Amino acid sequence: MRPSQYANALRRSRSSLPTYSSAVQEKLDIQSSKRPWLIPISISIPSLSRTQPRRVRLRVLGPVRASHLTNIPEETNWTPTFRDSTLVFSREDLQKIWRWEIDSGHYPSNAKIPEQVGFTSSILNPASPPAKAQTVVSPFTPPPGPVITTTRGAGPRRTYHITQNLTEDFATTAYPPRPISGSVADLDVILDQCNFANGKFVRDCLEFLRIGAGLDNGRRKRSLAETSCSILNLPLIQQRLAAYPTGRYGPNAGLQKKRGVPWEPSLSLPPTQNRAVHSTLAPTCDPENPRLFHMYWAGPFDDKPYTALLSFLFTQNLGLHLQDSHELAACRPQFWIWINPYPAAATPALSALIDIYQSLKTNPWAAPFLHPRFKGIVKFKLWNTTEQLDIPNPSLTSSSSSTASGDDIAYRLGSKSETSYDRHSVTMSDMARFVVTHRFGGIYLDADTLFLRDWEEMWGWKGAFSYRWSYHDFYNTAVLHLNKGSALGSFLFRTALRNGLDFHPVSITRYLKEAHLSPLLTQLPDALFDPAWLNAEGLQHERPPHPFFTSFAEFFGTQARQGAAPQATGFDGFFKGAFSYHFHNSWWKPFDPARNWPDLGPRFAEGERAARAAANPNADLDHLVDTIIDDKADLDWATVLKRTFESYVRGERPNMYGEWLHW
């Protein structure tokens, strides 16, 4: 059944739930400006003649539009019945969360703390550099207010590194240098240069990111006056933090609590991690901040996660160019693929893990990543919802409510339908990213994401981050970094539990805003991870980046007038400077229609043969001859990127940093 037919069949089902053919359709529908403010309802009224009752149609405020209306503060005598707050934690707990994150070195940003948090004395921050030398205060300067909104830097000063245009070895100028091991991207600087809310263009942002990382090595057209966004040489500074004050006036004045429920029991948090920034850029891995990429996948393993994994091998510093990868003088990241082979309501069999590996071994798209060369780099994990939620952590499970509000938990996780791929699957994916990052640390990426450069500098930023939902002021958690066992993660789980176990990005935005915790999850510009999004929504067409997409579909079907660009510029011309590209689903469209199989060379010939047989059942596999006639005249961007990654594995070219894969 084709995806469109599948979606239509779902719409004809008896379920009262809305159904969608993709996560994007659901999210766009929720935020659609076409949703009416008023919806018609029919009310039965008695007839004066005592015959058949008459029905009157009235228009009332729609529930989605009602949620956009403004809250009324808790202290007023009236609260609207058409919108509720999500807040379930008191100010004491909100201050505790802020305190834990700052003490642990998870707040390297200079963003202000919201006044509503209520700190009244200076707060030492070990992740922030000390302020510049004090200047003479003017007698006309008013004294500081009673609420403190900034931290006092007690950490190391920041030294910015300018990546040079040329190196002593002129043979290497064709490829950019790897980021310095242990360097850190200053996300505050990136926000200043790339924030759409401040009128910044994606085109200019990508140029800034290219210059900062030296990705234009040998091709630079401007001077080195631009400031890089990498930090290094951070001297060690350790200080004990002073006690934190409590809020002013009433303990929860100014906060709007969720109606009908008591304040949550006080958060029980582990000791702060006391993360110290060392004076040398040590290559050893930090167990409290593991370099783990997570991806969640449900269903048969196909060309989508296959290409995502290839992009990981092509860009990240894995030591694959060394005979022994363990000789790498850097912390090598890992990629964990969480495989969910069962419906949400099903209980995995005892042999589930064995069954998964047997399935992967016989799947031509997955089998290459089980090769011993990739051992310790790519790991397949079994997703078990019950096991993942059964966490011995009181900060997640100690709630005064034993069930989720609204619908029951099983219902929200999709147990009402074991065959549909609609909102249930979306809900599971939205939850899974928070589970794995909170339990294990690391960065989650949606399966429709491709790596475009080394993420070394992103690992150095110890704060949590996600990115902006296009021009909307919402988070998009297609990329999500949370610290392992953090106070922020505990807050999100406890709040979601009291709000229907809802992890939708729009709901996450509400949780954080209403609790005044938004600065703890940095909202990065979408140019870093989703550089085509603004153009796809009709914005910045006057100065678009390269390539210029007016819709996400053009990644798989490049327009004829731009059809020469993919082959002419290749990987090097695809949103250069961005950390990743998010192609927003299109699961049914193959990356390479003419060669819809893994083309990785003789080492994986058996899998290629099986995939070819599946793609072309009538082909003679004993006399296969590939000709250019079988190919498109103008290759699409998706095809060019897939073939680029595959040629690296075949040994026909180096990766983007000039390193050849050593088998």
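In strand β14, Y475 is the bridge partner of R468. That bridge belongs to the antiparallel pairing of strand β13 (residues 464–468) with β14, which runs over 3 bridges. Together, β13 and β14 make a hairpin, with 6 residues sitting between the two strands. Within that turn, S470 has a positive phi of about 55°. Keep in mind that all of this comes from a predicted model.

Strand β14 has another partner too: strand β11 (residues 442–445) pairs with β14, again in the antiparallel sense, this time over 4 bridges. Here L482 of β14 is the bridge partner of G442. So where does β14 (residues 475–482) end up, buried or exposed? As it turns out, 8 of the 8 residues of β14 are buried, so the strand is largely enclosed by the rest of the structure.

Of its 14 residues, 13 are buried, so α19 is largely enclosed by the rest of the structure. Just after the helix comes G651, which takes a positive phi of about 85°.

Next come the disulfides. A disulfide is a covalent bond between the sulfur atoms of two cysteines. With sulfur atoms counted as bonded when they lie within 2.5 Å, the model has 2 disulfides. One of them is formed by C194 and C205, whose sulfur atoms are 2.2 Å apart. This pair links distant parts of the chain, with C194 in helix α5 (residues 187–194) and C205 in helix α6 (residues 202–213), 11 residues apart. The link of C194 and C205 is right-handed, with 90° about the S-S bond. Both of these cysteines, C194 and C205, are buried.

The other disulfide joins C285 to C331, with 1.9 Å from S to S. This pair also links distant parts of the chain, 46 residues apart. C285 sits in the loop between β7 (230–232) and β8 (292–298), while C331 sits in the loop between α7 (303–315) and β9 (334–340). With 115° about the S-S bond, the link of C285 and C331 is right-handed. Are its two ends buried or exposed? C285 has a relative accessible area of 47%, so it counts as partly exposed, whereas C331, at 6%, counts as buried. If the bonded cysteines of the protein chain are numbered in sequence order, the pairing reads 1-2, 3-4.

Finally, how confident is the predictor about the protein chain? The mean pLDDT is 78, and 70% of the residues reach 70 or more.

Technical notes. Residues are numbered from 1 along each chain as its sequence is written. This is a predicted model: local features need pLDDT of at least 70, side-chain atom pairs count only at pLDDT 80 or more; totals for chains, interfaces and linings use all residues. Side-chain values use heavy atoms; hydrogens and water are left out. Buried means under 20% relative accessible area, exposed over 50%, partly exposed in between (1.4 Å probe, protein chains only). pLDDT is the predictor's confidence in each residue, from 0 to 100. Two strands pair if DSSP finds at least two bridges between them.
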